[in-house]
Amino acid sequence: MTTEIPAPEKKRLYIKTYGCQMNVYDSERMRDVLAPLGYAPSETAEDADLVVLNTCHIREKATEKVYSELGKIKKMKEATGGKMTIAVAGCVAQAEGAEIMRRQPAVDLVLGPQAYHKLPEMVARASRAVGDRLETEFDTLEKFDALPKTREVDGPSAFLSVQEGCDKFCTFCVVPYTRGAEVSRTVDDITLEARALAAQGVREITLLGQNVNAWHGAAPSLEGGAEWSLGALCRHIAKIGGVERIRYTTSHPRDMDEDLIAAHGDTPAMMPYLHLPVQSGSDAILKAMNRGHTAEHYLKIIEQVRAARPDIALASDFIVGFPGEREQDFEDTMELVRAVNYASAYSFKYSPRPGTPAADMFGQVPEDVKDERLQRLQALIREQQTAFNASKIGQTLPILVTGKGRLDGQLHGRSPYLQAVHFDGAESLMGQIVDVEIVGASLNSLTGRLPAYAEARA
Ligand code: 5AD
Ligand code: SF4
């Protein structure tokens, strides 16, 4: 006689993700760990049995958005007679913990980024209304160990988390407090996950970490067991059949070692794109930020990276209006941007985060000055980005086809330089890398044509 194991009751899950790619990755994993409990994705929060807000604490605005969203979700919960479970995950959860439940009592559970593998248990407990509702302890490796090794992927490009946390303590940043100390995942673990992704058709893997180039680990014994840095890990992953493209994000200039720079030149799978935040071009501000590098040091690294891979697309993050930033400091930032000539960049107004050293520094910059500087910086970045995109017109680039475009018969994909590309082509090309001739460019994307396809249709 066989005993039927009842299928789990069908329930709906809605996850709203804020902030960085680390959170996008974590949301995918939360979906995976909840699937065995019968949770399937829901299109809207109203219809969900469980709503998770995966939050970002990087700027004050991001945190306030979470509280205003919680106000709306509370009303939906009331409409269900209180049956909906509300969870707050991510960095606001880590930083503000129990405060969230005090500010919004409709929240059932709060869990920090190191506790996602405990989510099913916490959800079960919350639905029985027992047990602790707060899980924000740091046990990163345990988290990596307990997550399922295989996961559903959507399309030919996937993220793979290799490192978490940060020990750099930039004086403006909450990450070292919310994500804990730098921890690297083991080579074996990463290899298993990369192979599983490749087996599901993934062609492009983006290695993720708050300080991804601080990753280090013992090489497999077959390879001599020496200590590896990220360059060696990238070369290793490039050997996995099916993996044709490797990216990594986000890096710190202090961890940009020679081997990683060399890998950009000697490993064709390493995509010619580097996001290397500098934050400011002024040495006085960089010092006050505790960045541990000068503008000159940063420019030297850029020079070495360009020597290894001349066509590399460079990206960065900038903060304007950090405490004490004078007009001349800001001009130094503009000068650095002119010197590097970026393919794209993110720029933010400084936002004081409670508990970080910079929040209490003298010389906070007035909002209107920050606004004006941000506009000047963004205008320059837009100019560089438009020029970078335009420089690809006339070239034929290998494009990874990631999906259907907005228009009928259109596909979209990604260039080696991380540019979005739209072109007409057959749906059967999805998931493949095809040669596309670039015929147009704008600030945010390229348009292309598949020579053979265009001729066949003519
Ligand atoms: N204010 C403004 N921008 C910030 N960032 C991090 N903390 C702050 C802050 N307090 C920016 C940095 C970082 C990016 C992820 O967010 O530029 O690289
Ligand atoms: Fe934050 Fe600095 Fe760490 Fe980046 S390196 S996560 S900006 S503390």
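A polar contact here is a pair of N or O atoms within 3.5 Å; within protein, one must be able to donate a hydrogen and the other to accept it, and residues adjacent in sequence count only if both atoms are side-chain atoms. The model is predicted, with local features needing pLDDT of at least 70 and side-chain atom pairs pLDDT 80 or more, while totals for chains, interfaces and linings use all residues. Residues are numbered from 1 along each chain as its sequence is written, ligands are numbered from 1 in the order in which they are written, and side-chain values use heavy atoms, without hydrogens and water.

Select ligand 1 and Arg 59: an N or O atom of the Arg 59 side chain is 3.2 Å from a ligand oxygen. At Phe 172, a polar backbone atom is 3.0 Å from a ligand nitrogen. The protein buries 86% of the 410 Å² that ligand 1 exposes when taken alone (Shrake-Rupley method, 1.4 Å probe).

Next, show the strands β15 (313–320) and β16 (344–349), DSSP runs of E with at least two residues. Each supplies at least two residues of the shell around ligand 1.

Now move to helices α9 (residues 230–238) and α10 (residues 258–266), whose axes are 7 Å apart at an angle of about 30°. That makes α9 roughly parallel to α10 (angles under 35 degrees). Select Arg 235 and Leu 230, which are among the α9 residues that meet α10 (heavy atoms within 4.5 Å).

Note on methods: Axes are lines fitted to C-alpha atoms, for helices over the stretch in contact, and angles run from 0 to 180 degrees between N-to-C directions. Helices (H or I, at least four residues) and strands (E, at least two) are DSSP runs, numbered from the N terminus. Angles under 35 degrees count as roughly parallel, over 145 as roughly antiparallel, 65 to 115 as roughly perpendicular and the rest as oblique.
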